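Have the viewer ready, and follow along pair by pair.

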Amino acid sequence: MTAECQKCPLSTERSRAVYDAAADAYVRLVGFEIGPLTEAPQDEEILRAFLDRSNLSAGDVIGDLGCGPGRIAALLLTRGVTAVGIDISPVMATRASGVHHRAHFAAGALGALPLRNEALRGALAWYSIIHTPRQQLGAMFAELRRVLQPCGSLLLAFQAGYDEPVERADAYGSGLTLTAYRHSVGAVVQHLETARFDVASTTQRPPQLAHETTDQAFIMAVRDAAA
């Protein structure tokens, strides 16, 4: 795996700048593991269901893509698999590596992952596509297909909406503005299918936690079997 993202779009460069600057503040906000302050009970059920249906075995390599401080990687380690975390922020990847010693972390963008073809048995992008504009989703999902093995599983989580951008000034105290996109479930499904994923399930729930202001969406998909 390489440590650099090349030819990244402007939205990716801004995300990297924000999360590099605000890594410590972000970690204080969300912690290093999945928990009730950041996930509703239904969210944790969806995570467990995804891991159960993926039929994981020891030695399988599973990606925590857009890993932040490695909260999903920590969950993967409890399943006895090899966890690989990729984040646009090198600083965030370093914070994750300092806590989750049995996982592997590197810097990289979702649209240009530092992974070989078919490296992953499964992947989770847990609130990782939220800084990607709709017009870039197709290329991103094609990249996810590249690094997944045939019939490999994918789980996405994101804030649902009508593809509207939401500007956050001074994001996490970074002094920078960060744009998030509330993607429509239908648009995400369409882009996944175009990238040759079979969508297994979609779930949408209303806001429940203190920080939530819109519906939360979850999509399970499977990469096609073609080489």
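**Charged pairs, inside and out**

Start with arginine 223, which has a relative accessibility of 2% and therefore counts as buried, the limit being under 20%. Keep in mind as you look around that this is a predicted model.

Which residue does arginine 223 form a salt bridge with? The partner is aspartate 224, and the closest N and O atoms of the two are 3.5 Å apart. Aspartate 224 has 14% relative accessibility, so this residue counts as buried too. If you widen the view, you will find both residues in a network of salt bridges that also links Glu118, Arg145 and Arg196.

Next, move to arginine 205. Its salt-bridge partner is glutamate 212, with 2.6 Å between the closest N and O atoms. Are these two buried or exposed? Both arginine 205 and glutamate 212 are buried.

Now for a pair in another setting: aspartate 52 and arginine 79 form a salt bridge whose closest N and O atoms are 2.9 Å apart. Aspartate 52 sits in helix H3 (residues 41-53), while arginine 79 belongs to the loop between helix H4 (71-77) and strand S2 (82-87), so this contact ties together parts 27 residues apart in sequence. Aspartate 52 counts as partly exposed because its relative accessibility is 47%. Arginine 79, at 33%, likewise counts as partly exposed.

How many salt bridges does the structure hold? There are twelve, and the pairs visited here are among them.

How values were computed: Residues numbered from 1 in each chain as written. Predicted model: local features only at pLDDT ≥ 70, side-chain atom pairs only at ≥ 80, totals over all residues. Heavy atoms only, no water. Salt bridge = Lys/Arg side-chain N within 4 Å of Asp/Glu carboxyl O. Helix = DSSP H or I, 4+ residues; strand = E, 2+ residues; numbered from the N terminus. Buried < 20%, exposed > 50% of the residue type's maximum accessible area, 1.4 Å probe, protein only.
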